[in-house]
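Visitor: I have just opened this one and would like a walk through it. Could we begin with charges and rings?
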Amino acid sequence: MFRFLASILLPAAVSFACGFAHAQALVPRLSVSGESANFAPAVAFFDAAGTRVSLLYAHAPLSPEAEIAGRAKGSWSDAAAASAPAVVVDLRYAPGSTTGLAASLKGCSIISVGFKKNLSLKGATDAECHVLSVGGLLREGGAMSGLLTGKGAGYSLTLPFSLPLPAGGAEGPGAPGGPVSKAEPGLPLNTVRGTGKYQGQTLNATHALAWFAQTENQVRVEFFDHPPSAGMLAAARKGEYGEEAPVATLYVGFKGPGRELASATYCFVNVTFPKGGPMGTNTTPAECGLTTLVTNGKPGGTVQGVLRGGMAGPNGPIAWDIQFHVPIAK
């Protein structure tokens, strides 16, 4: 596989110019399950602490303010949610790497936002990351050029980039104790809108309780069709509901300290219908239909999400469509 050897054989200025011309000739594009979108040229930052290059392909060019905010936070999550459809690509390198070549690549994630069925791809090699070419000067104030392209089960992507590498924020993505993300326009705090459908039945989610389960490293949200009673939170933390059961439940589990959607590795969704009772699925965030997740997971903070998905029920398909922005209980 070609690994951007030009960055070794040519002077740095010449190799980057060649990469820039190649990247400019391609339009960033992703197709997932028959749905396709083109993107504006990527923006990026370099996280020196994690030896990570983070790229955002937004549906339309970001405002300067949005770029600055993303880099200061060390995460493109807010910008991706606000400019969906979008794709966030993280390339992680071995500590001390300076050239950004594929041989030094230690892992990647490619996460889409705003598609009916989002892509959530993680790999450990250049082949798994669909890296055709990559290289440059891997440092704050450096520059990178490359191309991710390929196909997989139900998706294809072409994501070129050739750009400078400003510094990312000191917090890193999802750093514990980081600032609480602001709400997306049109979804104020303490807002829950959603439905669940099964065999002609429709559940309506209008209220929610959320907390962070430290031992399991999960954000947990219980959805109700009425204001939950006093003491419901304490009971929900124990899994004790009695007659006041939620209409839907969402657990999102994370690997490590990250609280971005890209760091989420586990998802549990349960819905409870009058006819059929509780029915749930343990799967991945992508299979749950979790297309947006904005949180720092900190008690006293907030969690915001968009959950659109479904599964096979015992007597037909089950579907859910829930948007929420609620506080995380202390």
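Guide: This is a predicted model, and in it the charged end of Arg259 sits over the ring of Phe254, at 5.2 Å from the ring's centre. Arg220, in turn, lies over the face of Tyr251, 4.1 Å from the centre of that ring.

Visitor: How many aromatic pairs are there?

Guide: The count comes to four aromatic pairs. One of them is formed by Phe45 and Trp76, which are tilted, with 5.5 Å from centre to centre and 40° between the planes.

Visitor: And where do Phe45 and Trp76 sit in the chain?

Guide: Phe45 belongs to strand β3 (residues 43–47), while Trp76 is in the loop between α3 (64–73) and α4 (77–82), so that the pair links parts of the chain 31 residues apart. Both Phe45 and Trp76 are buried.

Visitor: Why is the pair of Tyr251 and Phe268 called tilted?

Guide: Their planes stand at 50°, so the pair counts as tilted, and the ring centres are 5.4 Å apart. Tyr251 lies in strand β15 (residues 248–254) and Phe268 in strand β16 (residues 264–273), 17 residues apart.

Visitor: Is Tyr251 buried or exposed?

Guide: Tyr251 is buried, having a relative accessible area of 15%, and Phe268 is buried too, at 17%.

Visitor: Changing topic, how many residues has the largest nonpolar core?

Guide: The largest nonpolar core has 35 residues, and those with the most contacts inside it include Val221, Phe223 and Leu250. Apart from that core lies another, of 33 residues, among them Leu55, Ile110, Val134 and Tyr155.

Visitor: What does Val221 touch?

Guide: Leaving aside residues up to four places away in sequence, Val221 touches several residues, including Ala208, Leu209, Val303 and Phe324.

Key
Residues numbered from 1 in each chain as written. Predicted model: local features only at pLDDT ≥ 70, side-chain atom pairs only at ≥ 80, totals over all residues. Heavy atoms only, no water. Core = buried A, V, L, I, M, F, W, Y, C linked by side-chain atoms within 4.5 Å. Buried < 20%, exposed > 50% of the residue type's maximum accessible area, 1.4 Å probe, protein only. Contact = heavy atoms within 4.5 Å. Phe/Tyr/Trp six-rings, centres within 6.5 Å; stacked < 30°, edge-to-face > 60°. Helix = DSSP H or I, 4+ residues; strand = E, 2+ residues; numbered from the N terminus. Lys NZ or Arg CZ within 6 Å of the ring centre and 35° of its normal.
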